Amino acid sequence: MDSKPKTIVDSYGRIHDYLRISLTERCNLRCFYCMPEEGIAIRDKKEFMSTEELLFIAKQFVALGVKKIRLTGGEPTIKKDFSNIIHELGKLPVELGLTTNAVMIDKYIDELKAAGIKSINVSLDSLKEERFNAISRRNYFNKIKENITLLIAHDFKVKINIVLIKGTNEDEIIDFIKWSQKDKIAIRFIEFMPFDGNNWNWEKKISYKEILEEVTSHFGFKNIEKLEDSPNDTTRNFRIKGAKGTFGIISSVTNPFCDTCNRIRLTADGKLKNCLFSQSETDLLKAVREGDEIESMILKNCWSKAKERGGYKSFENTEIPNFNNRTMVAIGG
Ligand code: SAM
Ligand code: SF4
């Protein structure tokens with residue numbers, strides 16, 4: 001009998017033990033870089049995983065060695081069965097995390113704790129009310145700020161995700177870092193990534209180098225500490241000396257971290273994507289509904305994962321590639 005634990009491995013030897021599950025494609029915000037203004041087409045409920053199907057599929061991944069699950073979307077907290085889903089996933093032997101816009105997070109503090117969720121990533125692209133509301137095309141800035149304060153007060157490990165876009169919010173890099181000096185939060189600057197219909201172009205990205213140059217010129221080289229990054233970390237982490245929190249840079253476009261990638265994604269409609277940028281998907285939900293086993297499908301999909309960026313050699317030429325991929329909101333960031 002083969003007693004070796006099963007793992008999801010690709011042809012480059014990367015082991016995949018981190019699953020991001022999108023609970024819904026829908027959202028209560030309309031961030032322009034993620035979601036079309038008019039929202040996305042409403043699809044029949046039957047096209048999406050039920051809670052039972054989601055739990056069944058999640059358990060198959062855990063049996064294949066997944067140790068970390070992060071819930072995302074769309075906005076995961078607007079999912080009707082959110083409390084029950086986190087309660088059930090909380091019983092699995094995994095580290096459970098959540099990525100949210102935090103508009104509704106105050107309603108779930110006790111449930112999050114009971115499910116063992118400690119790490120919560122919150123998106124907040126500007127510290128200026130009017131600007132944030134313009135980016136997200138809704139008016140929840142104050143609610144989100146209050147909820148972030150609430151999460152910190154309840155000792156959650158809070159990371160703040162900021163998609164930096166030239167001409168939109170790049171003048172706030174220093175203000176965000178100053179926030180990390182006062183509060184125990186991890187600020188994370190994310191490069192703007194190209195997805196279907198989000199008007200990405202190379203000129204709008206702010207590179208790792210540009211961010212560090214600005215931070216160094218403001219705070220001084222001697223006051224910036226480089227922190228040790230964990231092996232699969234997508235963020236390069238730093239701290240301003242004496243700060244309560246940290247800041248980091250996720251440079252998916254200019255300096256991708258594909259070599260150590262351990263992530264796979266399950267969309268709300270039950271498709272496995274082995275990379276944010278991969279165009280091919282494996283329909284696990286259909287297979288489950290037809291009574292087929294999905295273990296070999298998962299292993300086969302991941303084995304074929306491209307070396308870098310879902311197979312795109314580079315995003316460097318100024319021409320926008322034909323991505324033929326979903327919008328970010330339909331993938332699950
Ligand atoms: N609604 C939740 C939220 O906003 O945190 C979870 C889903 S959202 C798609 C997950 C993350 O993807 C957010 O941090 C968001 O900023 C990021 N994101 C969305 N579109 C992006 C893009 N085009 N480039 C880079 N990051 C993006
Ligand atoms: Fe919604 Fe998050 Fe996308 Fe903003 S980034 S539209 S909050 S899913």
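Q: What should I know about the numbering and cut-offs before I start?
A: Residues are numbered from 1 along each chain as its sequence is written, and chains are lettered from A and ligands numbered from 1 in the order in which they are written. This is a predicted model, where local features need pLDDT of at least 70, side-chain atom pairs count only at pLDDT 80 or more, and totals for chains, interfaces and linings use all residues, while side-chain values use heavy atoms, with hydrogens and water left out.

Q: Which residues touch the most other members of the largest nonpolar core?
A: General idea: in soluble globular proteins, nonpolar side chains tend to be buried together. A nonpolar core here is a set of buried Ala, Val, Leu, Ile, Met, Phe, Trp, Tyr and Cys residues joined through side-chain atoms within 4.5 Å. Buried means under 20% relative accessible area, exposed over 50%, and partly exposed in between, using a 1.4 Å probe and protein chains only. In this model the largest core has 92 residues, and Ile-21, Phe-61, Ile-69, Leu-112, Ile-160 and Phe-189 touch the most other members. Helix H1 (residues 51–63) gives the largest share of this core, six residues. Helices (H or I, at least four residues) and strands (E, at least two) are DSSP runs, numbered from the N terminus.

Q: What is Phe-189 in contact with, beyond its neighbours in sequence?
A: Contact means heavy atoms within 4.5 Å. Leaving aside neighbours within four places in sequence, the partners of Phe-189 include Ile-162, Leu-164, Phe-176, Ile-211 and Phe-247.

Q: Where is Met-49, and what does Met-49 touch?
A: Look in the loop between strand E1 (18–22) and H1. Met-49 counts as buried because its relative accessibility is 5%. Not counting residues up to four places away in sequence, Met-49 touches Ile-21, Leu-54, Ile-57, Thr-267 and Leu-285, among others.

Q: How many salt bridges does a search of the whole structure find?
A: A salt bridge is a side-chain nitrogen of Lys or Arg within 4 Å of a carboxyl oxygen of Asp or Glu. The search turns up 18. One of these joins Asp-10 and Arg-14 at 2.6 Å, N to O. Asp-10 counts as buried because its relative accessibility is 1%, and Arg-14 is buried too, at 8%.

Q: Which parts of the chain do Arg-289 and Glu-53 link?
A: Their side chains meet in a salt bridge at 2.8 Å, N to O. This pair links distant parts of the chain, with Arg-289 in helix H8 (residues 284–289) and Glu-53 in helix H1, 236 residues apart. Arg-289 is partly exposed at 43% relative accessible area, whereas Glu-53 is buried at 16%.

Q: What about Lys-166 and Glu-210?
A: The closest N and O atoms of that salt bridge are 2.9 Å apart. Lys-166 sits in the loop between strand E5 (157–164) and helix H6 (173–182), and Glu-210 in helix H7 (residues 208–219), so the pair ties together parts 44 residues apart in sequence. Then there's a network: salt bridges that share partners join Glu-25, Arg-43, Glu-47, Asp-269 and Lys-271.

Q: What is the nearest side chain of opposite charge to Glu-191?
A: For this, Lys and Arg count as positive and Asp and Glu as negative, while His and the chain ends are not counted. Glu-191, found in strand E6 (residues 185–191), is buried yet has no salt bridge, and the nearest such side chain is Lys-205, 6.9 Å away. Leaving aside neighbours within four places in sequence, contacts of Glu-191 include Ile-206, Tyr-208 and Ser-252.
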